[in-house]
Amino acid sequence: MKNDIFNLNRFGRYLMTDVRNAVSNYGISILVMATLGLSIDVFVGLFHMIVSEGWQGIGIFARVPLFLLAFAVTLVSAPSKLFGHITEKKAGSAFLTLPVSTLEKTLSMVIVSCIMVPAAFVIVYLSIDLMVCSCDSTCGESLIEAATTFRADILDSLVCRHISDLSVVMNKPESLVNPLLYIDDIVGVSLLFLLGALLFKKSKIAKTIGSIILICMVLSMIATPLLVSGIKYDMVQLMLNNELTSVTFSQHFPVLTWICRNLALADTINDTVINLLLICLIWLRVKKINH
């Protein structure tokens with residue numbers, strides 16, 4: 001290899017191989033999960049025809065949880081299904097002999113399992129849901145229309161509550177209902193389960209979930225006392241002296257005030273740092289894996 005770290009042409013060929021393998025190994029699973037809403041709608045409609053006098057599809061309040069459930073299952077299961085075999089001796093040994101750099105293998109895994117698969121699921125699921133709602137008027141509005149309506153209702157609520165008053169502690173609160181803000185969160189979930197698929201040899205999903213719970217508990221036990229001790233005294237003093245206002249709060253807690261005023265930016269920075277750390281850990285695991 002002329003470039004042992006990254007070669008664009010070599011990476012492109014390897015990525016296309018991973019994409020074809022993903023379609024072969026997980027394409028049916030995506031279709032099954034993406035048609036969950038359609039399957040339930042047909043079942044409910046037929047059941048309604050049997051016990052009553054007409055067809056009745058499932059409404060938006062049932063279809064939203066179904067979509068979230070199917071999406072969660074896809075995010076959790078896809079990394080293990082696509083790349084969990086790497087921890088097996090036979091398949092893992094073949095993976096290690098591929099004439100591709102560790103960086104290229106890592107980027108390909110991240111792109112396929114954390115970006116392409118979730119995007120494909122969302123596109124297929126929402127497209128089917130839109131067609132179902134177009135054909136079945138008893139379903140009500142589609143998920144795309146419901147998301148648009150929900151976002152508009154939230155923005156109207158913020159306007160009614162005077163965004164100018166909220167801006168004292170929060171700049172552009174409407175940015176929190178921007179769907180693009182949560183893409184990095186979705187990628188982060190996939191990265192966690194991709195790392196778990198590479199770390200654990202058996203019960204990958206269960207062990208990943210258990211590890212996440214354990215790490216969150218430990219971090220909360222460490223961080224909570226530090227945060228409380230850092231603001232408790234000043235906050236109590238401000239409250240006892242009846243001086244707790246947005247101005248005094250920003251003066252005593254400038255970092256916390258900046259985070260509150262820039263929640264979307266702070267969330268993006270936090271998620272980006274965590275995702276980059278996870279990618280580094282995945283790269284390190286791929287580099288150090290052995291059988």
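Reader: In which helix is Ile 269 found?

Author: This is a predicted model. Ile 269 sits in helix H12.

Reader: Why is Ile 269 called partly exposed?

Author: Its relative accessibility is 44%. Buried needs under 20%, and exposed needs over 50%. Ile 269 lies in between, so partly exposed is the label.

Reader: What makes up the nonpolar surface patch?

Author: Val 255, Trp 258, Ile 259, Leu 263, Leu 265, Ile 269 and Val 273 make it, over about 610 Å². Patch residues need over 30% relative accessible area. Ile 269 has 44%, so that cut-off is met.

Reader: Which helix gives the most to the nonpolar patch?

Author: H12 does, with four residues. Helix H11 (254-261) and H12 each supply at least two.

Reader: How do you know that Ser 101 is buried?

Author: Its relative accessible area is 4%. Buried means under 20%, so Ser 101 qualifies. Ser 101 lies in the loop between helix H4 (89-96) and H5. Leaving out residues up to four places away in sequence, Ser 101 touches Asp 4, Ile 5, Phe 6 and Arg 10.

Reader: Which residues of the largest nonpolar core touch the most other members?

Author: Met 109, Val 112, Phe 121, Tyr 125 and Ile 282, out of 41 residues. Helices H1, H3, H5, H6, H8 and H12 each supply at least two residues of this core.

Reader: What does Ile 282 touch?

Author: Thr 106, Met 109, Leu 191, Leu 194, Leu 195 and Leu 198, not counting residues up to four places away in sequence.

Terms used:
Residues numbered from 1 in each chain as written. Predicted model: local features only at pLDDT ≥ 70, side-chain atom pairs only at ≥ 80, totals over all residues. Heavy atoms only, no water. Core = buried A, V, L, I, M, F, W, Y, C linked by side-chain atoms within 4.5 Å. Buried < 20%, exposed > 50% of the residue type's maximum accessible area, 1.4 Å probe, protein only. Contact = heavy atoms within 4.5 Å. Patch = residues over 30% accessible without salt bridge, like charges linked within 9 Å, V, L, I, M, F, W, Y side chains within 5 Å. Areas by Shrake-Rupley, 256 points an atom, 1.4 Å probe, with all protein chains shown as cover. Salt bridge = Lys/Arg side-chain N within 4 Å of Asp/Glu carboxyl O.
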